[in-house]
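Please keep the sequence and the structure in view while reading.

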Amino acid sequence: MRSTADSVLQPSDEVAEALASGAPVVALESTIISHGLPQPRNLEVARELEEIVRAAGAVPATIAVLDGVPRVGLDAAGLERIATEPGLRKLGQRDLPMAAALKASGATTVSATSFLAARAGVRIFATGGLGGVHRGWTEDQDESADLDTLARTRITVVCAGVKSILDVPATLQRLETRGVSVVGYRTDAFPGFYLHTSGLPIDWRIESPDEAAAIMRGQDALGGQETALIVANPVPVDQQLDPELHDRVLAEALAAAERDGVKGQAITPFLLGYLVEGTGGASLEANLAAVRGNVALAARIAVSWADS
């Protein structure tokens, strides 16, 4: 494993020691804590996810920016700040220089977390669902910065696919165009975030964390463009959101967004919030089930990677 010293980043003592010794580390994003869950459950989930990583024999590195300093690994006080401090920004990769210069605090999205993790030398990152190409892209040109970051960042991201509010076929096409490798974990179909499957086929399938680590070694051995590896891990069927309920509420949400003229950065939180309310919180529980499974798998991949 490689560790990159960087005077701008501030790893926690635990993460720094793990990276120096080659121990397994898993990056975790912080937006689910600050913007994705209500208090006080958000702090409970943050601690739970870190414990899942530890139980598998790896070190958790929850990433955020506090007072302008990118933190790779948070202590108890840092986690509590992310969970409770009002006015925290939601930081993508493009926002990091401004946050650093202006001493701002914020939670990191997939793009910022991937970038900071890779800069620190953390190779494995677990999240819920990726951003991607939005529906109606041909009109609004709305595409998540996640895709661009993953096309130029050597990191392995374990996720439950992309958010189902997006144009999933177009997102998969963009990942292919940008050279981002995608494998299904014990599945031949791309996951549907809240749903076990999106119904779309996936070209490559793996059966074990060891196979994921082998692909990572192959990326490094072959060289070339520094792109990510997406390990698509579906939420279990018995924990997914009811597909009929999902489709009905999502259709209502899309119609409401069209009616109210919701676009740009506002569209994702609007649609996700509509789904939470319209499903009576069931979409949130499916999301958390997916995140727990992704974190557990990422930790197992990190252990295999560290042993290789």
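**Annotated positions and their surroundings**

The UniProt record, an unreviewed entry, places the feature "active site" at Glu29 and Lys163. UniProt positions follow the numbering used here, feature names are shortened, and annotations may be inferred rather than shown by experiment. The model is predicted, with local features requiring pLDDT of at least 70 and side-chain atom pairs counting only at pLDDT 80 or more, while totals for chains, interfaces and linings use all residues. Residues are numbered from 1 along each chain as its sequence is written, and side-chain values use heavy atoms, with hydrogens and water left out.

Glu29 belongs to the loop between strand E2 (25-28) and helix H2 (31-34); helices (H or I, at least four residues) and strands (E, at least two) are DSSP runs, numbered from the N terminus. Glu29 counts as buried because its relative accessibility is 11%, where buried means under 20% relative accessible area, exposed over 50% and partly exposed in between (1.4 Å probe, protein chains only). Residues up to four places away in sequence aside, Glu29 touches several others, among them Thr62, Thr108, Phe125 and Thr127; contact means heavy atoms within 4.5 Å.

Lys163 lies in the loop between strand E8 (156-159) and helix H9 (168-177). With a relative accessibility of 18%, Lys163 is therefore also classed as buried. Beyond its neighbours within four places in sequence, its contacts include Gly129, Phe193 and Thr268.

Strand E8 itself is covered on both faces: Thr156 and Val158 on one side, and Val157 and Cys159 on the other, are all buried. Two strands pair if DSSP finds at least two bridges between them. E8 pairs in the parallel sense with strand E7 (residues 124-126) over three bridges, and Ile124 stands opposite Thr156. E8 also pairs in the parallel sense with E11, over four bridges, with Val158 opposite Val231.

Where does Thr227 lie? Thr227 is in the loop between helix H10 (209-222) and strand E11 (229-232). Its relative accessible area is 7%, so Thr227 is buried. Not counting residues up to four places away in sequence, Thr227 touches residues including Leu150, Arg154, Arg178 and Gly179. A polar atom of the Thr227 side chain lies 3.3 Å from the backbone oxygen of Gly179. Between Thr227 and Glu85, the C-alpha to C-alpha distance is 34 Å, and the two are 142 residues apart in sequence.

Definitions and conventions
Polar contact = N/O pair within 3.5 Å; in protein donor to acceptor, adjacent residues only side chain to side chain.
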